[in-house]
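Work through the exercises below with the model open. Try each task before you read its solution.

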Amino acid sequence: MMKEINNNYGGVDILVNNAGIQYVSPIEEFPVEKWDQIIAINLSSVYHTTRLALPQMKQKNWGRIINIASVHGLVASVNKSAYVAAKHGVVGFTKVTALENAQTGITANAICPGWVLTALVEAQIQARATANNQTFEQAKISLLTEKQPSGEFVTTDQLGSLALFLSSDAASEIRGVAWQMDGGWTAQ
């Protein structure tokens with residue numbers, strides 16, 4: 001995909017790495033193939049798209065790399081070892097990318113959202129509802145208020161607006177930041 005974009009369109013000006021899968025299990029029971037899959041999709045893909053986008057960005061001396069990490073790139077939760085490890089890796093990789101390009105027009109930053117109502121989170125809510133004999137709505141409220149003090153999901157519009165800002169010239173000196181958008185989760 002990245003090679004095709006570089007060849008046909010002259011590269012990527014703004015790269016948003018936004019991929020994530022999850023599997024929940026205690027470490028000692030975590031299937032190795034699930035670990036490898038999560039690291040590949042959630043972390044290695046960020047490396048591969050970035051390494052392929054950077055040469056063209058460097059030729060233009062301009063580019064924006066926005067990695068969608070997670071609040072789990074900053075804090076941990078039980079039974080999410082691979083996801084937390086991968087998202088911490090995304091935050092670290094973002095910082096290295098920013099430092100290696102600090103004297104260019106290329107910036108790299110991470111957005112660390114808390115709960116966003118995605119298919120991945122809906123599956124967690126449904127599993128919680130089933131396990132606790134709750135309605136979907138009860139499980140949703142329970143999940144939200146357990147970690148995210150605002151009691152509200154971060155919206156995709158909010159995330160998009162932050163990505164637009166980080167892509168703008170106003171953000172040209174924001175480099176290597178892990179920007180929380182988590183309803184107060186990491187403020188606790």
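Two exercises follow, each with a worked solution.

This is a predicted model: local features need pLDDT of at least 70, side-chain atom pairs count only at pLDDT 80 or more, and totals for chains, interfaces and linings use all residues. Residues are numbered from 1 along each chain as its sequence is written, and side-chain values use heavy atoms, leaving out hydrogens and water.

**Exercise 1.** Find His 72 and decide whether it is buried or exposed.

Solution. 
- Locate it. His 72 is in the loop between strand S2 (63–68) and helix H3 (81–100). Helices (H or I, at least four residues) and strands (E, at least two) are DSSP runs, numbered from the N terminus.
- Check its accessibility. The relative accessible area of His 72 is 3%, so His 72 is buried. Buried means under 20% relative accessible area, exposed over 50%, partly exposed in between (1.4 Å probe, protein chains only).
- List neighbours. Leaving out residues up to four places away in sequence, His 72 touches Ser 77, Lys 80, Tyr 83, Val 84, Lys 87, His 88 and Trp 185. Contact means heavy atoms within 4.5 Å.

**Exercise 2.** Classify the ring pair of Phe 30 and Trp 35.

Solution. 
- Recall the rule. Rings of Phe, Tyr and Trp (its six-membered ring) pair if their centres lie within 6.5 Å; planes under 30 degrees apart are stacked, over 60 edge-to-face, the rest tilted.
- The structure holds five aromatic pairs.
- Apply the rule. Phe 30 and Trp 35 have ring centres 6.2 Å apart and planes at 85°, so the pair is edge-to-face.
- Compare accessibility. Phe 30 is buried at 9%; Trp 35 is partly exposed at 33%.
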